Each structure stands twice: as C-alpha cells, then as structure tokens.
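Student: I would like to work through a few contacts in this structure, one question at a time. Could we begin once it is displayed?

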Amino acid sequence: MVSGSSQRPIYAVVDVGSKSIRLLVARRLSSSAFEVVDEERFDARLGEGLVAGAISPEAFERGLLAMRIIAQVAAGYAPRATIAVGTEVLRTASNAGALISRIHAETGISVRVISAQEEAHASYLGIINATRLADGAIIDIGGGSLEVIRVAGRRFTAARSVPLGAIYSTERYLASDPPLPREVRALRKAVRRQINGQSEQEVPVETLWATGGACRNIARMVRLRRSYPLRRLHGFTFDRRELKAVLKEMLRHPAGERRHIAGLNSARAATLPAAAIVLDEVMAVLDVETVLVSGQGLREGLVWQQLRGQRPLLPDVRAASIAGLAAANGVDPGASAPEVRLASELFEATVPLHGLGHAELELLVSATRLSEIGMHVDFYNRDRHAEYLVHSGDLHGFSHREIVLLAAIVRYSSGGTVDLSSYAPVVYERDGRLVATLAAMLGVARAVARRPGSPVVEANLQMGKHLDLVLRSQVPLDAELYALERPLRRLENALGIGIDVAVEALPDRHLSELA
C-alpha cells in the first residue's frame, strides 16, 4: 500500500461522465504542484441509449463495475480524500439517484452531482494552471454536454453548457452509419442555434483551447497525418483545414471500418464524427482558425481546488511546473539560484551582441533550472537526462517550440554541434543559432558554479572591446577557471567577441560587508 498520510498527501479524483468514468490519483508536491501517480479509465457509456430519460440496465451495470474497479485502484493509495463528481448524465437521468446509491453501497464512494457551472469552472482551473492562456475561450466536449468557457485576464468570466456532447449529438442527430449529409447539416445547425448569438460571440476570441477525450483523439489523428516529431499532446495546435480533413475521412466510413483509421480510438469510432462536427462548428461561430489541445481538464481542476482552496490560480505556471518537476525528482528548487543569476547577468550584459529579448531570457532561466534537475538525477548522463525530462516531464506553460528549445539548450550546454533538423516542423530556421548562444551561456554559468556551495561571491561583467568577467572570491578558483575553458570558447564563437576572465581576491572585511 502507498500511504497518503505522509508529508505528501494523495488525492483520488473520479469523474463520472456520460461516456467514460475516469480516475486520477495525484500526489501533492506543494501548494503549487502535484504529480500524477496513477490513472484508470473505464468506457462505461452511461449516456448511451438513454431509455425514457433513464440510464439503461446495461449501462447501469457497466457503471457499477467501473466504480468497483476504480475504488479498488484508489484504495491502494490510501488517499487523504476521494473526490467523485457526476456530470451531465447524472444531472439529467431519472435513475441517477439509484445509481449513486448503489455506488456508495458497493464502494463507499459518495458521488456528488455538480452543476454545469461547477463543471465548467473545474475544467477552466485544470487548463488555466497548465497554460499561459490570458484571454480567449475554452471548449470542453464530453459525452453528454459541451461547455464553452470565456476567459479574460486569466479569469473565468462566463460559461455556457449545452447538451451537445459526443454521445448525445450522435444519438440525437446522426442516426445513419455513416451519417448522411442532411444529418450532418442538422447537427451543425443545432450547434449554431444553441451557441450563436450568446455571450461567447460578444468579444473576439484570441486563443481557443479544447479539452476532453474526443478533442484529444482528434488531435492524435491530426498529429499522425503530419508525421509530427513530438509525442507530447498538451499544447498541440491544429487548424480547421486539418480538422475538416479528418472529419471527411471519418464520414466516408461506417463505425466498423472507421475504427481502423490511424490514431482513432476504437471505443470512439461511433461518436467521434459528432465531436469533430461540434468542434468545427464552434470554431466557426467563434471565428477562430486554430485550436490548442489541453491534456488537463476537469479532474486536474478538482485537484487544484484541494491543493489551493480559495486561491486556486497559479501566479506563474512555468515556475510552478519546473519547481514541481524538481520536487518530484528530489531536487531543491532553489539549488540552481547561482547559475540562474550568472546566466541572467551574462544575457543582459551581452544584449547589444545577440539582440535577444525577454522571451529568450525566460528560456535561458528555465533551461538553467531544468539542467540542475538533470544533474541530480543522473550525473554521468545529466544533459541527456535533463533533455529527456523536458520532453517527457509534466512541463506546463511552454509551447511545443519552446519545449524543443529548452531540451536542446540543456543538451548542448556541455558542447556539441546544435542539430535541430529532426524538429524542423516545430522550430524556426534561426533557432539553431539561438540554442547555440543560450547553451553557451548556460555552460559558462555552470562552470562558474562548478563546486557545491560555490566560493564565487560575485561575478561582474563589463563589455567593451572584449567582455570582461571578473570572479571575486576569498579562495583560489583553479577548478572554476579550468571548467570555464571550453564553454568560454563556445560563447566567444556564439557572440563574436573575446572574453577575458580575471579573479579578484576578497578580504574578510568585504565578505562581512556583503553579508
């Protein structure tokens, strides 16, 4: 048994939806971070074939079996709390109360039916704390309902929930297999009728994020058609042209054949066309051409409510994500402070040479912090391990291009010729030079902080015909000077300027003044 009663409590979150019943087991790392330790998903399809507004006997039994399985998995972690919520199907089914009672009797889990507004707000929290979304909209396509959420200044401002989830839309509008053109038109008309003219349209949408299993499945299909170089789905972007191409292919085949389409989850073969139609029509109503896909949503939002109470929004998604990754790997998030300080000073002092801005400085600082994590996890393969952590870790708030750049900066900080050719669909042509410059700066910062508890008290930078780096210390710095030889040459090549290093001894009196 994994105990949840230690310093890092564990929470189990269960989402009882119209299509799936899903479990998320999360361990608290801090008030600003958690790590997922387990997941379970059961295709219960509670909303399928509602008879006279009631959950069918077959779906009822699938739901009970799913909850027994989920309860057994969750119990193994001795969670501090189990939060189970029901959404659209339990809001509307006439026998929802009977199912909730049976679930409690058989598993001990109490399922709370949440309102459409509560559902939308939890989904918003899951996404806003995993992205840098400031102004725009979020759409969540579930099995029973569709939520359209508006965000302004990172704040939840409005939400509208309508019964246009993948299962409902399929059963209500797409009776034929494959759907007939008139059925597709009827569903599109229903989306426009229920969404168009509402508050969602009043303010132009700058950025659109989509969540829900159906949207993520569509994204996987688009990604495969592109031969995309990253496996990461969170933050993946596609446009309406690509969505329409995937939809067109699905509508050519009945469900039995559709399940063989590359990337399509066979459990969604019957309902994914409806979800794609709804997504496309909402994008048309909101007048947006591209959508970003979120790997987070309702369940993660419920975890944030447990961790952060009345102040659930993270002030800095990127910093919280990196600190969480450090904590998950047993690394003090503040351990990289000396390297971060020097790397930042190097960047600022040489702006006239490289001409980079705040966005690139943020990348350098983030890469420096991530490099420290790799160092602690695997010293001999530290750069490769840090690169792996960037690509596979739960890093939030960065675009896919930025993920590639972070991984490359860390990897090449110890040397090597920068090669981003395998990521050509994601990066810009100039990014190779950018990585070389920032990686060299990181290499210099790491060399100056060569020893634990670095004896370098100050590092002063002055730029004239050469860049002068003065290291001030009370003890000899032979180790640091030796470590600096190669990274300094790389930085000289990247910046096109000579760099002179000097060591200045500090008397005891000066140290006391600094203190």
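Student: With which side chain does the side chain of aspartate 43 make a polar contact?

Tutor: This is a predicted model, and in it aspartate 43 is found in the loop between β3 (33–42) and α1 (57–75). Not counting residues up to four places away in sequence, aspartate 43 touches Ser20, Arg62 and Ala267 among others. The polar contact, at 3.1 Å, joins the side chain of aspartate 43 to the side chain of lysine 19.

Student: Is aspartate 43 buried or exposed?

Tutor: The relative accessible area of aspartate 43 is 18%. Buried means under 20% relative accessible area, and therefore aspartate 43 counts as buried.

Student: How are α6 and α10 oriented to one another, and what is the handedness of their crossing?

Tutor: Two packed helices are described by the angle between their axes and the distance between the axes. The axes of α6 (residues 181–195) and α10 (residues 272–286) come within 9 Å and cross at roughly 45°. That angle makes α6 oblique to α10, and the crossing of α6 and α10 is right-handed.

Student: How many residues of the contact of α6 with α10 are nonpolar?

Tutor: On the α6 side the contact includes Val184, Leu187 and Arg188, and these residues and others of α6 meet a set in α10 that includes Ala274, Ile277 and Asp280. The residues of this contact comprise four charged, no polar and, as the number asked for, 10 nonpolar.

Student: What is the handedness of the crossing in which α1 passes α3?

Tutor: The axes of α1 and α3 (residues 96–107) come within 10 Å and cross at roughly 35°. Residues including Phe60 and Leu64 in α1 meet residues including Leu99 and Ile103 in α3. The crossing in which α1 passes α3 is right-handed.

Note on methods: Residues numbered from 1 in each chain as written. Predicted model: local features only at pLDDT ≥ 70, side-chain atom pairs only at ≥ 80, totals over all residues. Heavy atoms only, no water. Axes fitted to C-alpha atoms, helices over the stretch in contact; angles between N-to-C directions. Helix = DSSP H or I, 4+ residues; strand = E, 2+ residues; numbered from the N terminus. Parallel < 35°, antiparallel > 145°, perpendicular 65-115°, else oblique. Left-handed = near helix turned anticlockwise from the far one by under 90°. Contact = heavy atoms within 4.5 Å. Nonpolar A, V, L, I, M, F, W, Y, C, P; charged D, E, K, R; others polar. Buried < 20%, exposed > 50% of the residue type's maximum accessible area, 1.4 Å probe, protein only. Polar contact = N/O pair within 3.5 Å; in protein donor to acceptor, adjacent residues only side chain to side chain.
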